[in-house]
Amino acid sequence: MNLDRNIAPPLLAPEKINIQEPEIQHLAGDIPVILINEGTQDVMKVELVFAAGNISGNIPLIPAATSELLDEGSAQHSSAEIAEALDYYGAYLQTECGNDHASVTLYTLSKFLDQTLPYLTEILMTPTFPEEEIATFKIQGQQKLAVSMEKVDYLARRYFIQALYGNDHPYGHFQEEKDYDLITTSALKNFHESFYLNGLLGIVVSGKFTTPEAQKVISELGKCGFTKSSVQVNLQGLPEGKGRKLVPKKDAVQSAIRIGRRLFNRSHPDYFTFSILNTVLGGYFGSRLMSNIREDKGYTYGIGSGIAPQISDGYFFISTEVGTSVREDAVREIYTEIRKLREELISEEELDLVKKYLYGSFQRSIDGPFSLAERHKTLLINNLNTKHLYLYLETLNKITPDELRQCAHQYLCEVDLFELIIGG
Amino acid sequence: MIQFERFTLDNGLTVIVHEDTSTPLVALNILYKVGARDEHPEQTGFAHLFEHLMFGGSVNIPSYDEPLQRAGADNNAFTNNDITNYYLTLPAQNLETGFWLESDRMLSLAFTEKSLEVQRNVVVEEFKQRYLNQPYGDVWLLLRPLAYKKHPYQWATIGKEVSHIENAVLDDVKAFFKKWYAPNNAILTIAGNCNLKLAKELCEKWFAGIPKAAVPNRNLPQEPVQTEQRILEVTRDVPSTQVYLAWHCCARTDDDFYATDLLSDVLSRGKSSRLYQKLVKEKKLFTDIGAYMLGDIDKSLFLIEGKLVNGITPEIAEASIYEVIEQVKSDITETELQKVKHKAEASFVFSEMSIGNKALNMAYFEMLGDVSEVNLQVERYNAVTIDDISRIAKEILRPENCSLLRYKSSK
């Protein structure tokens, strides 16, 4: 057989994507429990999402400290006993705290659900936040902070977001050493009561499980008596978030660059169009920023852009670390790529590539129970449903070069962008 | 449990197929049996630089990434001291695009000066970003040559120094390809929505015509037995002091691997583990501490690394580690053994959640000797006894077998 390797195999149009509608049950108080039962592995992930992110309460670091110390002791068991029991069954408890929400997740082999679930409910219901554990947390946290302050990528993120939101806003306030002095058992208990016990948004159960196992989770978490709440965000009086800032760092062999601006949340009518535009600019390996600044010039190991949607707004950022000697060249090339988006129409060929790439990446993002669960969690906390995902696919299908150029005109003018350089 | 079929093409390419119709996707994984240990001591960092060049276009296809992205696929690669691994996930209907691209770059690369020049710069920036411009970033650049005096594990995958990468020329690159990138030195695994018949057809069509190569027999210098403790102290402008203890231990294919791995789990897996409870929580000497083994193909390293609470001296910290080690040599309980076995089982079950990981796991175990091992891992861990773990602790966790790095804060 004579094989012509110059000819690519034909590409077939993607099949129509069907997004599995999950089963939804409710706890008392109309709290949704989303059940995603699929996959090949006998494991379960039980995630509870609370309106308990950095935005909640009014003392810095308390939301993060509550999240971090939640599993360090309950009315029934000490920190060491909880760790011992969960480790014994190969289970894993994860607590996370973001800007808007906090979540608590149990990962367990389905066969050990009966043994591990009680520890999840007790740390959620009766955490004790012992002084001893707070002391350890302070030592660990302050040291971690000191190390982070030596990392250019952390500093870049910190100063960038501070510039967009201001140090007084919970989104813009990054931890400082003195914040640790405010952590006390009573402050954490108060926060837990206000924003965990009375702030459950919903539960997502995913993995491969039986009906009785699902019912067990629902009934045990139902007994906890959570009440529902939602996140309140005040965006009044934020700084302008424009201009340039240069932060020197001694001995830096690379400069970190961040360029971006505040934008909108997932429900905004331009969200999908902007996210496609972002992909063209810096959202995948073949993006314009990667092609130009890494693959053509070799200025960096990596460059990308992204959007970070939050519950009420969001922000857009370009991020890279480049050799200090090529810093100005790299910044110039970044603005060149942004200008091209505003002034020139994207070719049909490039748009076709981006559409197909995004279609494939959407398919991957709903493959497997945990990925699908992540999608449904995002919909839940943004008060959306699967219609939103179909709307995205439809937008992707219909988007035109002209719409993308208009979008760039509206949101990517240089005067509206903030530029930050750390090091060099 | 992964069901699989294995076959070998006439040119020596081993292929393993795991069909999973619950997904609309297929993962391809191509593992080349070449890593940083196969480099010349004066040309280190080459296997990894080469991985970058594999994305610079192949003999018949000018761009690797563009057609792949147009197929709706995603891909990446990694290099370590033993292997170079490429993986991609495609929608099932465009699977053939993956075969077309991977087979062409196995056949030959475009080898352009431009691609080499750019990727040299990219890798130099990677060197700076990950190893030089990070607090503690150079730890492995210091620790490897301390622990290894003869074996090529003495250099990190990124290379000994930036100049080795800067000096790479096209002829070296071509020679490296010719030596190692051949069907009989690779394993292709396919996991997802693809059946055996289709896999065989596509392999025949795209890979069967690639000639085999005379892959050299590996004859690496063996590391002599270490007889006295080695200590290296450096002082850097970092916020706090860290210590790294590296003991020589067995290879991944050794029967003792599983007991050694469980020893590291007894010491540091999870918050309930010995090092964390004793030294972080009770004595408050460290803010964090961990133990793990590298699991290399040749004789490997067992590590304990700890971040010291400010004001604690390395000597006190190290002595406290050896106290915990002394105890673990004699008093592991049945409950503790059961705990680390459950942990090992859980992490294995979770590691098979994605088709990409299944494809990688299959390729990895086939590289070690036999893909069937992928389904025997939980059993292997379950067979370990308390005596096995104690014996390993006594054998390896001795100061004479240890290379110790004190990474001190100047503050």
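A residue counts as buried if 20 or more other C-beta atoms lie within 10 Å of its own. Keep that cut-off at hand for the exercises below, and remember that this is a predicted model.

**Exercise 1. How many residues of strand β6 of chain A are buried, and which strands pair with β6(A)?**

Step 1. Apply the cut-off to residues 200-207 of chain A, which form β6. Eight of the eight residues are buried, so the strand is largely enclosed by the rest of the structure.

Step 2. Look for the neighbours. Strand β2 (residues 31-37) of chain A runs parallel to β6(A) and is joined to it by five bridges. Strand β3 (residues 43-50) of chain A pairs with β6(A) in the antiparallel sense, over seven bridges.

Step 3. Find one bridge for each pairing in the structure. A:L35 has A:V205 as its partner in β6(A), and A:L48 has A:I203.

**Exercise 2. Which residues of β11(A) point one way, and which the other way?**

Step 1. Now read along the strand. A:F418, A:L420 and A:I422 point one way, while A:E419 and A:I421 point the other way.

Step 2. Strand β7 (residues 243-247) of chain A runs parallel to β11(A), with five bridges between them; here A:K245 is paired with A:L420. Strand β8 (residues 254-263) of chain A runs antiparallel to β11(A), also through five bridges, and A:G260 is paired with A:F418.

**Exercise 3. How many residues are in the largest nonpolar core, and which have the most contacts inside it?**

Step 1. Look at the core itself. The largest one has 76 residues, and B:I190, B:A359 and B:M362 have the most contacts inside it. Helix α13 (residues 355-368) of chain B gives the most to this core, with eight residues.

Step 2. Zoom in on one residue. Leaving aside residues up to four places away in sequence, B:M362 touches several others, including B:I2, B:F4, B:T189 and B:V374.

Step 3. Move to the second, separate core. That core has 62 residues, including A:I55, A:L201, A:A214 and A:L372.

**Exercise 4. How many residues does each chain bring to the contact, and which element of chain A gives the most?**

Step 1. Take the two sides in turn: 57 residues come from chain A and 61 residues from chain B.

Step 2. Helix α11(A) gives the most to the side that touches chain B, with eight residues.

Step 3. Sort that side of chain A by residue type: there are 26 nonpolar, 17 polar and 14 charged residues.

Terms used. Residues numbered from 1 in each chain as written. Chains lettered and ligands numbered in written order. Predicted model: local features only at pLDDT ≥ 70, side-chain atom pairs only at ≥ 80, totals over all residues. Contact = placed C-beta atoms within 7 Å. Helix = DSSP H or I, 4+ residues; strand = E, 2+ residues; numbered from the N terminus. Nonpolar A, V, L, I, M, F, W, Y, C, P; charged D, E, K, R; others polar. Buried ≥ 20, exposed ≤ 12 C-beta atoms within 10 Å, placed from the backbone. Pairing = 2+ DSSP bridges. Core = buried A, V, L, I, M, F, W, Y, C linked by C-beta atoms within 7 Å.
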